[in-house]
Amino acid sequence: MEELLKALADPTRAVILDELVERTGQTLFEICNRLSSRHGINPSRQAISQHLAVLESAGLVRSERSGRFKFHYVDTAPLRRIAERWPEAGRQDTAASTAAPEAGRPSTANETEAMGGTAGPGAPRTGTSPSSEGKKP
């Protein structure tokens, strides 16, 4: 897992993956040209080759030789390990923040105002209620 996260942490490697996702099966020469022309990234071919080696050791890229050429292909399967490590955490937080206040959970001042009620004493009052929009104080 650590190797996978390390591979994803570098911005240049992320751009290389983006390019391979868009068009897989590229040679080192093609990747270097796309990085230069599309992203303004101009490292040496050796540097890009080292980035590809890190991505390959993490399982995100595989390469095949065909004659004089070496083609690089993206493999996003290892990314599933990240999703499996923290399975539902992101989705539950998002669902809870968009849903109506749950029973047993105290509602915030904004939720109370949005439902037409008034906030309790000492509750922070931020924003405006829909009925006061457009009116002068």
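So, a definition to start: a residue is buried when its relative accessible area is under 20%, exposed when it is over 50%, and partly exposed in between, using a 1.4 Å probe and protein chains only. Keep that handy.

Quick housekeeping. What you see above is a predicted model, where local features need pLDDT of at least 70 and side-chain atom pairs count only at pLDDT 80 or more, while totals for chains, interfaces and linings use all residues. Residues are numbered from 1 along each chain as its sequence is written, and side-chain values use heavy atoms, with hydrogens and water left out.

Okay, let's look at helix α3. Helices here are DSSP runs of H or I with at least four residues, strands are runs of E with at least two, and the numbering starts at the N terminus. α3 covers residues 28–39, so it has 12 residues, and from its first C-alpha to its last it reaches 16 Å, close to the 16 Å expected at 1.5 Å a residue. That expected span is 1.5 Å times one less than the number of residues.

Which residues of α3 are buried? They are L28, I31, C32, R34 and L35. They sit on the same side of α3, because they cover an arc of only 165° around the axis; the arc is taken from the directions from the helix axis to the C-beta atoms. Remember that an α-helix has 3.6 residues a turn, so residues three or four places apart point the same way. Over on the other side of α3, F29 and S37 are exposed.

And what covers the buried residues? The cover includes α2 (11–22), α4 (45–57) and β2 (69–74), with contact meaning heavy atoms within 4.5 Å. After α3 comes G40, with a positive phi near 70°.

One counts when a side-chain nitrogen of Lys or Arg is within 4 Å of a carboxyl oxygen of Asp or Glu. Searching the whole structure turns up six.

Take E19 and R34, whose side chains meet at 2.5 Å, N to O. E19 is in helix α2 and R34 in helix α3, so this pair ties together parts 15 residues apart in sequence. E19 counts as buried, at 4% relative accessibility, and R34 does too, at 14%.

R34 also makes a salt bridge with E22, at 3.1 Å, N to O. That pair again links helix α3 with helix α2, 12 residues apart, but E22 is exposed, at 51%.
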